[in-house]
Amino acid sequence: MIKCSLPGSRKMMALARELQCDRATAVGAAVTWLIWLESQTTDGRAGVRPEELDALLQVPGLGRALLNIGWAVLDAEGLIQAVEWDLYNGKDTRRRLLAARRAARARAKKAENVTPERDESNAGSVTNVTLERDAERDESNAGSVTKVTLGA
């Protein structure tokens, strides 16, 4: 999970120092890491070595920097694993994400199946009633004149 406080955090200062870059570049590298990790894993295990991560994300030194600032550790096989992954990207977050994706697919599928003949909404009838009412009001007010007084 990417927080709004990320750019000003001490971790970003530490990451910028490790990568020998400005903080904005470090934030970009961190966001790239988090997005990539979210798309690749459900448990925070990246499944790559630090130097492989550098090549994948095109950020030289990122793998070691993440280890040095405490955002990642190496597992028994020497592969990168995110620290506290469950705290920020646990089952609840994953469940909400998957539920949102399912709902979006269901809405898209429903939209594909709606035709004018099969439209289940009442938008057409409401619009027609409103137009008819406005036309009747216009006809009944056609002969009347409204006196407008300005100032006072």
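**Figure 1. Buried residues of helix H1 in the predicted model.** In this predicted model, the buried residues of H1 are Met-12, Ala-14, Leu-15, Ala-16 and Leu-19. These buried residues pack against two helices, H2 and H4. H1 is followed by Gln-20, which has a positive phi near 55°.

**Figure 2. The crossing of helices H1 and H2.** Two packed helices are described by the angle between their axes and the distance between the axes. The axes of H1 (residues 10–19) and H2 (residues 23–40) cross at roughly 100° and come within 8 Å. H1 is therefore roughly perpendicular to H2. On the H1 side, the contact is made by Met-12, Met-13, Leu-15, Ala-16 and Leu-19. H2 contributes Arg-23, Ala-26, Val-27, Ala-29 and Ala-30. Classified by residue type, the contact comprises nine nonpolar residues, one charged residue and no polar residues.

**Figure 3. The largest nonpolar core.** In soluble globular proteins, nonpolar side chains tend to be buried together. The largest nonpolar core of this model contains 29 residues. Those with the most contacts inside the core are Met-12, Leu-15, Trp-33, Trp-36, Leu-53, Leu-62 and Trp-71. At least two core residues are supplied by each of H1, H2, helix H3 (50–57), helix H4 (62–69) and strand S2 (80–82). H2 provides the largest share, with eight residues.

**Figure 4. Surroundings of Trp-36.** Trp-36 is among the residues with the most contacts inside the largest nonpolar core. When its neighbours within four places in sequence are left aside, Trp-36 is in contact with Ala-46, Val-48, Leu-53, Leu-56 and Leu-57.

**Figure 5. Thr-41 in the loop between H2 and H3.** Thr-41 is located in the loop that lies between H2 and H3. Its relative accessibility is 7%, so Thr-41 counts as buried, the cut-off being under 20%. The side chain of Thr-41 makes a polar contact of 2.6 Å with the side chain of Asp-43. A polar atom of the Thr-41 side chain also lies 3.4 Å from the backbone nitrogen of Arg-45.

**Figure 6. Overview of the protein chain.** The protein chain has seven helices and two strands. From the N terminus on, these elements follow the order α-α-α-α-β-β-α-α-α. Of the 152 residues in the chain, 26% are buried. Among contacts with a separation of 6 or more, 56% join residues 24 or more positions apart.

Notes
Residues numbered from 1 in each chain as written. Predicted model: local features only at pLDDT ≥ 70, side-chain atom pairs only at ≥ 80, totals over all residues. Heavy atoms only, no water. Axes fitted to C-alpha atoms, helices over the stretch in contact; angles between N-to-C directions. Helix = DSSP H or I, 4+ residues; strand = E, 2+ residues; numbered from the N terminus. Parallel < 35°, antiparallel > 145°, perpendicular 65-115°, else oblique. Contact = heavy atoms within 4.5 Å. Nonpolar A, V, L, I, M, F, W, Y, C, P; charged D, E, K, R; others polar. Core = buried A, V, L, I, M, F, W, Y, C linked by side-chain atoms within 4.5 Å. Buried < 20%, exposed > 50% of the residue type's maximum accessible area, 1.4 Å probe, protein only. Polar contact = N/O pair within 3.5 Å; in protein donor to acceptor, adjacent residues only side chain to side chain.
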